[in-house]
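Please keep the sequence and the structure in view while reading.

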Amino acid sequence: MTSDGSTDSDSNGSSTTDDDARWLVINGRRWRRTDPFLPADVVEQLTSHLGRGRSGVRSAKRAGDADAIAAARERVGFAKAGLGERGPYWWDERESDRLARALDALQALDALDSGDAERCPPE
């Protein structure tokens with residue numbers, strides 16, 4: 001990583017980052033960081049969906065509603081995949097593919113909000 005926080009390119013043109021840019025360690029457990037390439041507005045929207053999904057999981061668990069738990073977990077899964085925190089490692093993908101993954105996740109999350117049944121599970 002360069003001094004300004006950007007990534008360097010290796011000899012074959014792919015971007016390289018160090019482990020600190022890829023992983024967050026809390027109490028000895030590694031958590032994948034959000035893809036730093038994603039535009040701030042996309043991250044903001046995905047993070048909002050993630051928070052709503054997590055809140056929905058908590059509420060549904062308290063209510064004992066298995067269907068609501070599943071729906072909330074689906075929202076969390078889409079949001080985390082869009083942020084690059086689940087699915088293929090973002091540092092192994094081209095930037096165009098990473099942005100497409102995030103935008104696809106947003107589309108799926110918007111479909112959840114509108115009640116559209118046409119949605120695909122996160123990869």
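The side chains of D113 and R52 meet in a salt bridge, with N and O 3.7 Å apart; the term stands for a side-chain nitrogen of Lys or Arg within 4 Å of a carboxyl oxygen of Asp or Glu. This pair links distant parts of the chain, since D113 belongs to helix α4 and R52 to helix α2, 61 residues apart. D113 is partly exposed, with a relative accessible area of 42%, and R52, at 40%, also counts as partly exposed. Here buried means under 20% relative accessible area, exposed means over 50%, and partly exposed lies in between, with a 1.4 Å probe and protein chains only.

The model is predicted, so local features need pLDDT of at least 70 and side-chain atom pairs count only at pLDDT 80 or more, while totals for chains, interfaces and linings use all residues. Residues are numbered from 1 along each chain as its sequence is written, and side-chain values use heavy atoms, with hydrogens and water left out.

## Other charged pairs

Side chains of opposite charge can pair when their charged atoms come close. A search of the whole structure finds seven salt bridges. One of them joins the side chains of R98 and D35, at 2.5 Å from N to O. Because R98 lies in helix α4 and D35 in the loop between β4 (29-32) and α2, this pair ties together parts that are 63 residues apart in sequence. R98 is buried, with a relative accessible area of 5%, and D35 is buried as well, at 2%.

A network of salt bridges links D35, E93, R98 and R101.

## Helix α3

Helix α3 covers residues 66-83, and its 18 residues should span 26 Å at 1.5 Å a residue, which agrees with the 26 Å between its end C-alpha atoms; the expected span is 1.5 Å times one less than the number of residues. At the start of α3, a side-chain oxygen of D65 reaches to within 3.2 Å of the backbone nitrogen of D67. After the helix comes G84, whose phi is positive, near 85°.

The buried residues of α3 include I69, A72, R75, V76 and F78, and the buried residues of this helix pack against α2 (40-63) and α4 (95-114).

## Helix α4

Helix α4 has 20 residues and reaches 29 Å from its first C-alpha to its last, close to the 28 Å expected at 1.5 Å a residue. Among its buried residues are R98, R101, A105, L109 and L112, and what covers the buried residues of α4 includes α2 and α3. Just after α4, G115 takes a positive phi of about 80°.

## The chain as a whole

The protein chain has four helices and four strands, which run β-β-α-β-β-α-α-α from the N terminus on; helices (H or I, at least four residues) and strands (E, at least two) are DSSP runs, numbered from the N terminus. Of the 123 residues, 31% count as buried.

Among the contacts (heavy atoms within 4.5 Å) with a separation of 6 or more, 59% come from residues 24 or more positions apart.

Key:
A polar contact is a pair of N or O atoms within 3.5 Å; within protein, one must be able to donate a hydrogen and the other to accept it, and residues adjacent in sequence count only if both atoms are side-chain atoms.
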